[in-house]
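Please keep the structure open beside the text as you read.

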Amino acid sequence: MAAKWTVITGASEGLGVEFARLAAAEGRDLILVARQEAKMEALAEDLRARHGIAVEVRPTDLSDPGAVEALWRQIAARRHVEILVNNAGLGYSGPFAEGGPEREMASVMVNVAALTLLTKRAVAHMLQQGGGRILNVGSTAGFMPGPNMAVYHATKAYVLSLGEAVAEELRGTSVTVTTLCPGATATNFAKDAGMEGITLFRALPPASARAVAAAGWRAMKAGKRVKVTGPLNWLFSVGPRFAPRALVPRIAAIFLK
Ligand SMILES: NC(=O)c1ccc[n+]([C@@H]2O[C@H](COP(=O)([O-])OP(=O)(O)OC[C@H]3O[C@@H](n4cnc5c(N)ncnc54)[C@H](OP(=O)(O)O)[C@@H]3O)[C@@H](O)[C@H]2O)c1
């Protein structure tokens, strides 16, 4: 029987590091994926020493579909991937009409294209191997359009829709798909996306990355389809269903200014 592995993308920073720590604490062998190799190597060394597990580091630019396909081929050729955490993601804050498209296009490639390809490959692989769990990191952004962060919100709506649809297709099988929807969380994400000054991050203290990852991890292991973290975020997730459609982006715009 091949050893069982957990693959975590975006494992150089923030939530990805916390997912790696949670998996390692359960004695799971890990494959860490992101671009910053030195950070992942340092994490890998620490987790090997603490937990006596195997940890492989795979530096990969997930905005390159060819690299994503090659990554999966190399990972899955001789291994049983039991858990896939599609966590890598990035955002961009600014008016849609302004700024270059590079960052928005990178977010589509990483948040949408890479996540889709890895989910698709993993579902087929896990069904063949007799089971597995997929945790896709979405966002409360997925529940509403986001003026000033239009592309990011759209990518996260996609993640939520894809996850719920595939989870339904997999009903009754040994493979589950969970979509984790955090709100503002204390990681590099906001700074990286140029969002630090916006109301959402200034008005409320962001949740701790450790707590958010732990909630997602528990939901994944329980086979839940969608996990929204925190009571206020839960309101953000259900509110748009009851508000008039035209009002939702107007309210979202207040938080994203
Ligand atoms: N923090 C929040 O407030 C928040 C809220 C809701 C949802 N989320 C979601 O949570 C997930 C994790 O974000 P985070 O908050 O932990 O942010 P973070 O600290 O900025 O980490 C993002 C991770 O994604 C990786 N990544 C970005 N572009 C990549 C690329 N082209 N190729 C490979 N890896 C790439 C980064 O690694 P490298 O730079 O090393 O490549 C990093 O490990 C994302 O999907 C994000 O949308 C975050």
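## Helix packing and the ligand shell

Helix α1 and helix α8 (residues 209–221) have axes that come within 9 Å and cross at roughly 55 degrees. Axes here are lines fitted to C-alpha atoms, for helices over the stretch in contact, and angles run from 0 to 180 degrees between N-to-C directions. The pair is therefore oblique, the class left over once angles under 35 degrees are called roughly parallel, over 145 roughly antiparallel and 65 to 115 roughly perpendicular. The crossing of α1 and α8 is right-handed, meaning that the near helix is turned clockwise from the far one by less than a right angle.

Before going further, please note that this is a predicted model, in which local features need pLDDT of at least 70 and side-chain atom pairs count only at pLDDT 80 or more, while totals for chains, interfaces and linings use all residues. Residues are numbered from 1 along each chain as its sequence is written.

On the α1 side of this packing you will find Gly-14, Leu-15, Glu-18, Phe-19 and Leu-22, which meet Ala-209, Arg-210, Val-212, Ala-213, Ala-214 and Trp-217 in α8. Contact means C-beta atoms, placed from the backbone, within 7 Å. These contact residues of α1 and α8 divide into eight nonpolar, one polar and two charged. Ala, Val, Leu, Ile, Met, Phe, Trp, Tyr, Cys and Pro count as nonpolar, Asp, Glu, Lys and Arg as charged, and the others, Gly among them, as polar.

| Pair | Axis distance | Angle |
|---|---|---|
| α1 and α8 | within 9 Å | roughly 55 degrees |
| α3 and α4 | within 10 Å | roughly 25 degrees |
| α4 and α5 | 9 Å | about 10 degrees |

Helix α3 (residues 65–76) and helix α4 (residues 102–129) cross at roughly 25 degrees, which makes α3 roughly parallel to α4. Their crossing is right-handed. Pro-65, Val-68, Glu-69, Trp-72 and Ala-76 in α3 face residues of α4 including Ala-113, Leu-117 and His-125.

Helix α5 (residues 150–169) packs against α4 at about 10 degrees, so α4 is roughly parallel to α5. Among the residues that meet are Val-108, Val-112 and Leu-115 in α4 and Tyr-152, Val-159 and Leu-162 in α5. By class, the contact of α4 with α5 has 10 nonpolar, five polar and two charged residues.

Which residues come nearest the ligand? Of the 28 around it, they are Gly-10, Gly-14, Arg-35, Gln-36 and Gly-89, where a residue is near if its C-beta atom, placed from the backbone, lies within 6 Å. The elements giving two or more residues to this shell are α1 (14–25) and α6 (189–192). The shell divides into 11 nonpolar, 13 polar and four charged residues.

Finally, the chain has 10 helices and nine strands, taken as DSSP runs (H or I, at least four residues, for helices; E, at least two, for strands) numbered from the N terminus.

Definitions and conventions
Two residues are in contact if their C-beta atoms, placed from the backbone, lie within 7 Å.
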